[in-house]
Amino acid sequence: MNWKHLLLIALVVSTNIETNAQKINFSQADLLANKLPKNFLNSLPQVVKWIDDEHLILNQKNHPDSAFKKYLLDIKSGKLSDWSEGTSSSVVSSAKQISVKDNDLFYKANGVEKRLTNDKAEEKNPIFSPDSNFVAYTKNNNLFTVNISTGKENQLTTDGNSTTLNGWASWVYFEEIFGRPTRYRAFWWRPDSKQLAFMHFDESMIPMFPIYNSEGSHGFVEETRYPKAGDKNPEVKIGFISPEGGNTVWADFNEKDDQYFGWPVWKPGTSNLLVYWMNRGQDNMKMYDVDPITGKKKEIYDEKQKTWIDLEDRVSGRVNFINNNSQFIMQSDKTGWNHLYLYGSDGILKNAMTTGEFTVTSIKYIDEKNSTVYFTARSRENTARTDLYSVKFTGTDFKRLTFGEYNHNVNLSPNGKYFITTYSNVSTPARMSLVDNKGKILKELGDARTTELEKYNLAKTELIHIKSADGLFDLPAMVTWPMNMDPNKKYPILVSIYGGPNAGTVMDSWNWSANRQFYAEEGLIQVAFDHRASGHFGKAGVNYMHRNLGYWEMEDYKTMAKWFIANGQADSTKVCITGFSYGGYMSCYALTYGADVFTHAMAGGSVVDWHLYDSHYTERFMDTPEENPQGYKTSSVLSYVDKFKGTLQLVHGTMDDNVHMQNSIQFVSALQNKGKDFEFMLYPGGRHGWGGSQAVHFANLKTRFIYKYLLEKAVPKGALK
């Protein structure tokens, strides 16, 4: 550190002391109890829903001391009026509801409930048909419907068993392709209610992974068909069937092919199903238009990349059909940045709608009448911010509609005439505004900042950028500095990360909290790092991870940590990294491969070797172990156990069905074999995360670690939950 930098720090500290002398300090007890001063921050309104383009329901307070209440905002007049419609007992009682109680289905309408099924098997994922005449569900791995008016149950498939699943997703589809919110559902009503599409999975060839539960005298084993990297995947086919049963029409795919299918969608205005197909190597994605009457398919899109393509659907839809299905808008990151493209229904590209080194994140609304699409994207000026833009179908008239140097969270009216934005940055508490589709602010709806807030000394939080070691990237970091930093003192640093491809956590948003303030007053540098493949630099940056997980993330993390040691007063003997899941992997990797920089780590639910994780996620980036043996070796924490040094806290849930406890057990074994010391905590019955008393115990475990090894003092009264 040179004399100019020391002088700068001294000037900043002296200025802070002078400014802070006129402000109020928090009490430690209040911060620990999350007891903030009255009216410290205002509560912003909450958007309940848009009624139409001119009317919006908001849940808000009239006064800081009042309770939340629903109001109707008239956009033209700007007036608020009480809102009661939609909460009356008559409206609620007339709503049709389907529920599962004691493993059976119950239907309720007009306040009257009737039982639809009565057997020992559990009905799962009940879904109304669009015309509300049927409910579809799965039971014993078969697909069923029940006619609501007659009560007749129809069994649509009959071959369901422990390894044959109808309408119920195989684990790897549930976890990696469809997503956990789908609750294993793998069936879809046709919009006219005349058919159901469903997926049929054969898991018999997938290795069984045992998950042990220690409850009771004998415990038990929960068995999951979990394909590890390189293992066989389930064989899948797509069928169509009437809700009353009959013959199944199978889509024209060969279930024996090594392939994946994405979440299908019904083509608007037709009875056809759009099916996303991908090869096992995940570098070729096709979209097919499938006829549910004949099962015949027609290819309408084909994309190939040198690295990989994400099969998961983009937010708001990877594809959107427009102009009576004569065209469609496709999202693709094939150029290295995710953009919008206009295609004819024949799959021929007409034009790119957006171009450049920025990332489209979501389509919010398509105005066909005016040939305009409204979408969000990482700001072209600051990748840690999100903005709303509009562009014509031709790619002309590109406009930024949000404003200022803020990160925006937008909510559009039904026809895109207006939008609500909640916006902030690291130094500005959130505000909310009503804006028209030209970008003109029409009404301020709320501001979290208060005069009370201005009275208090807040720890300084800022977004900074650090040049990567190869000079190619300005890597973002969000840092909260200790209060009243002494230029002659070194401070412990706590680095919170997730890591992983396109999974950054650094955004230019207000994130003050009592806990962050508390640790700043205790003298801890708190920072979040994002690496080159975190999403800030588009798919071009993420592609660095191809066949090489771990390496570039850690190289960038090490560079950033070194910057804080050289320029930010971080103590080189107390550089702690913490994360869960992929973040746990990076934390373990930091004390092995990255042990020349990182000294402490708290790692939870960690992958330690990519041979041990599932096929779809792992192979997307790494290819199979047979294709990339060297990449699997260099990415493994276990390959660098000889280099392990520092202080590690390792935790895992014993029944983690995502990142198996096997990972931590193998790491523990390797550390023991090398005579390495570490801390290890199990959470019995815990999955990939845990709640209740175990969550409290886990929080206290981390607090004790921070005080013992980083702050080197007793845990203050009230710091433990």
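I classed the lining of the largest cavity and found 1 nonpolar, 2 polar and 5 charged residues, where Ala, Val, Leu, Ile, Met, Phe, Trp, Tyr, Cys and Pro count as nonpolar, Asp, Glu, Lys and Arg as charged, and the others, Gly among them, as polar. I note that the model is predicted, that local features need pLDDT of at least 70 and side-chain atom pairs 80 or more, while totals for chains, interfaces and linings use all residues. Residues are numbered from 1 along each chain as its sequence is written, and side-chain values use heavy atoms, without hydrogens and water.

On a 1 Å grid over the protein atoms alone, a cavity is a set of points where a 1.4 Å probe fits but cannot get out, and a pocket is an open set with protein on both sides within 12 Å along at least five of seven lines; lining residues have an atom within 4 Å of a point. A volume is the space filled by probe spheres set on the points, which are joined across faces, edges and corners.

I found 1 cavity of 30 Å³ or more; the largest cavity has a volume of about 40 Å³, and its lining includes Lys 232, Pro 234 and Asp 257.

I then looked up the largest pocket, with a volume of about 1,000 Å³, and saw that of its 36 lining residues Asp 310, Pro 501, Asn 502, Ala 503 and Arg 620 lie nearest its centre.
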